[in-house]
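Please look over the structure before reading on.

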Amino acid sequence: MNKKVIAGLVVLAGVIGISGVVESKKEHEANKIPTVGVLQFMKHPALDAINQGINDELAKEGYHKGKNIKIDFQNAQGDQSNLKTMATRFSSEHADISVGIATPSAIALANTIKNKPVIFSAVSDPIGSKLLKDEQKPDRNITGVSDKAPLPGQLKLMQKFVPNMKTMGVIYTSSDDSASTEAKQMIKLVEAAGIKVKTYTISSSNDLNQTSQQMVANHQVDAVFVPTDNTIAGAMPTLIKNTNAAKVPVFPTVDTMVSAGGVAANSIDQHELGVMTGKMIVKELKGEQTKDLPVEYIKQGKVVINQKQADELGLKIPVAYQDAKRVNEEK
């Protein structure tokens, strides 16, 4: 066979081979199941509801776990060292998107993953937590959904339930940046309304029993405000045991904390937060980029009332909230 013909055939075979590899790679990438890593700070009804909202929205959009999407769910159980290990896991497995439920989870992911999208959920203060510099223009690989509470509405609600309130107790976890920021914002609103404030902080759930006893001793406060605080949320029975003994009502910002013993809240719907987070994940999966997705909020809270607690403490439901959602209502 002519040498030129042979050379031509070799070149042609090489081109076909390369073309086949390229097509094979494209086909593999097209058929690749995306991986979403979900890192939850701790097990708690509020955070569980967010995770459920994420799964519900992904399923609604056609992404079904184990079929056309891999969801690697990890729960750190409130342990900071677990957060780092689990964030590293997502990085090592090249998760297409990593989701942090609650501020500590989001920070761990942001500190570990630099070249893949990170979406946070239930972060009250993204800027104060140093996740972002601009919520409207993230301009980096991080964005998400904030659970910033509608504090003016919360204060109004507390004043309606406790019209003679002269002193408010505010309790939060000092190491929780989001809870600290929200508590300080509420303190400013309360003081501007001419109400005295007494502030109490804890460093862990182990401090809650003693600190809450101190807070309600000798009628020092007329009502207690609890910000969106994961540590206190996980230990609500301890707080409520002491406040109930002193007949002092507690007003948290989260609906699940109301179910756990709070009297009422102008609440953020945790499941809806998850749904909003799921929508953001879908946008990413379909090609949009985190840097172009501004932080989203639930603009208006929904009032939820613990009827059993109100009855226990002898509180009448204000006329303005007669139609509000009730939990733990005696049947």
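The lining of the largest pocket splits into five nonpolar, eight polar and three charged residues. Here Ala, Val, Leu, Ile, Met, Phe, Trp, Tyr, Cys and Pro count as nonpolar, Asp, Glu, Lys and Arg as charged, and the others, Gly among them, as polar. The model is predicted: local features need pLDDT of at least 70, side-chain atom pairs count only at pLDDT 80 or more, and totals for chains, interfaces and linings use all residues. Residues are numbered from 1 along each chain as its sequence is written, and side-chain values use heavy atoms, with hydrogens and water left out.

**Pockets**

- The largest pocket has a volume of about 290 Å³. A pocket is an open set of points on a 1 Å grid over the protein atoms alone, with protein on both sides within 12 Å along at least five of seven lines; lining residues have an atom within 4 Å of a point. A volume is the space filled by probe spheres set on the points, and grid points are joined across faces, edges and corners.
- Its lining has 16 residues, and Phe-41, Gln-80, Pro-104, Ser-175 and Asp-176 are the closest to the pocket centre.
- Helix H3 (80–92), helix H4 (103–112) and H8 each give at least two residues to this lining. Helices are DSSP runs (H or I, at least four residues), as are strands (E, at least two), numbered from the N terminus.
- H4 contributes the most to the lining of the largest pocket, with six residues.
- The second largest pocket holds about 180 Å³ of space. Of its 14 lining residues, Val-162, Asp-222, Lys-247, Pro-249 and Leu-315 are the closest to its centre.
- The lining of the second largest pocket has 10 nonpolar, two polar and two charged residues.

**Cavities**

- There are two cavities of 30 Å³ or more. A cavity is a set of grid points where a 1.4 Å probe fits but cannot get out.
- The largest cavity has a volume of about 130 Å³. It is lined by 17 residues, of which Leu-47, Asp-147, Thr-228, Asp-229 and Asn-230 are the closest to its centre.
- Helix H2 (45–60) and helix H8 (230–233) are the elements that supply two or more residues to the lining of the largest cavity.
- Eight nonpolar, six polar and three charged residues line the largest cavity.
- The second largest cavity has about 40 Å³ of space. Its lining is Ser-124, Asp-125, Lys-148, Ala-149, Ser-178, Thr-181, Glu-182 and Gln-185.
- By class, one nonpolar, four polar and three charged residues line the second largest cavity.

**H2 with H11**

- H2 packs on helix H11 (residues 270–285) at an angle of about 40°, with the axes 6 Å apart. Axes are lines fitted to C-alpha atoms, for helices over the stretch in contact, and angles run from 0 to 180 degrees between N-to-C directions.
- H2 is therefore oblique to H11. Angles under 35 degrees count as roughly parallel, over 145 as roughly antiparallel, 65 to 115 as roughly perpendicular and the rest as oblique.
- The crossing of H2 and H11 is right-handed. That means the near helix is turned clockwise from the far one by less than a right angle; anticlockwise is left-handed.
- On the H2 side the contact includes Ala-46, Ala-49, Ile-50 and Gly-53, and on the H11 side it includes Leu-273, Gly-274, Val-275 and Gly-278. Contact means heavy atoms within 4.5 Å.
- The contact of H2 with H11 has nine nonpolar, seven polar and three charged residues.

**H5 with H6**

- Helix H5 (residues 151–161) and helix H6 (residues 177–192) pack at about 55°, with their axes 10 Å apart. H5 and H6 are therefore oblique to each other.
- H5 passes H6 in a right-handed crossing.
- Leu-151, Pro-152, Gln-154, Leu-155 and Met-158 of H5 meet Glu-182, Gln-185, Met-186, Leu-189 and Val-190 of H6. These residues comprise seven nonpolar, two polar and one charged.

**H7 with H9**

- The axes of helix H7 (residues 208–216) and helix H9 (residues 236–245) come within 9 Å and cross at roughly 25°. H7 and H9 are therefore roughly parallel.
- H7 crosses H9 in a right-handed sense.
- The contact includes Leu-208, Ser-212 and Val-216 in H7, and Leu-239, Lys-241 and Thr-243 in H9. By class, the contact of H7 with H9 has four nonpolar, six polar and one charged residues.
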